[in-house]
Amino acid sequence: MLPNLSIVFVVIALVLLAIVLDRVLFKPLLRVMREREYAITSAMQAAESATEKAGAATAEFDATVAAARADLYTQMDERQRAAERYRKELVVQTKADVDTQLAAAKAELEAQAAKARATLEAEAGELGRDIAAKVLGRPS
């Protein structure tokens with residue numbers, strides 16, 4: 001008894017169909033899936049690398065800003081101390097100038113007072129003689 005030839009044709013058709021599906025559908029599909037997996041892995045690695053670089057750049061930027069801020073505060077402190085020294089020197093100089101001007105004014109005032117006293121004393125004697133002459137009725 002011979003097997004039914006239709007079974008042989010079905011088996012051959014199934015084998016041919018499996019070979020054709022493998023070459024036409026499964027291999028290209030698996031290749032595309034591997035390429036996508038490689039692309040996803042590459043993209044993930046690139047994203048991680050970019051994240052690390054961004055973190056390093058942020059840390060460097062923060063360090064640079066902190067150094068610049070510290071330098072700025074140092075400069076501000078130095079300028080404030082210099083301004084305070086200048087203010088103190090200016091106050092001392094101004095006080096010395098005022099003291100000098102005050103001493104000169106006092107000396108001038110004392111000289112004027114002495115001159116006025118001398119003038120008054122000279123005029124007082126003369127005025128006294130004039131008054132005495134008028135009271136006594138004699139010419140001076």
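This briefing covers the helix and the salt bridges of one model. The model is predicted, so local features need pLDDT of at least 70 and side-chain atom pairs count only at pLDDT 80 or more, while totals for chains, interfaces and linings use all residues. Residues are numbered from 1 along each chain as its sequence is written, and side-chain values use heavy atoms, with hydrogens and water left out.

**Helix α1**

- Helix α1 covers residues 5-136 (helices are DSSP runs of H or I of at least four residues, numbered from the N terminus).
- Its 132 residues should span 196 Å at 1.5 Å a residue, and the 186 Å between its end C-alpha atoms agrees with this; the expected span is 1.5 Å times one less than the number of residues.
- At Asp-22, α1 bends by about 45 degrees (the angle between axes fitted to the seven residues ending there and the seven starting there).

**Salt bridges**

- The whole structure holds three salt bridges (a side-chain nitrogen of Lys or Arg within 4 Å of a carboxyl oxygen of Asp or Glu).
- Asp-22 pairs with Lys-27, with 3.9 Å between the closest N and O atoms.
- Arg-31 and Glu-35 are bridged at 3.5 Å, N to O, and lie four residues apart in α1, about one turn.
- Arg-87 and Glu-84 are bridged at 2.8 Å, N to O, and are three residues apart in α1, about one helical turn.

**Accessibility of the bridged residues**

- Lys-27 is partly exposed at 48% relative accessible area, and Asp-22 is partly exposed at 30% (buried is under 20%, exposed over 50%, partly exposed in between, with a 1.4 Å probe and protein chains only).
- Arg-31 is partly exposed at 42%, as is Glu-35 at 45%.
- Arg-87 is partly exposed at 43%, and Glu-84 at 35%.

Definitions and conventions: Helix = DSSP H or I, 4+ residues; strand = E, 2+ residues; numbered from the N terminus.
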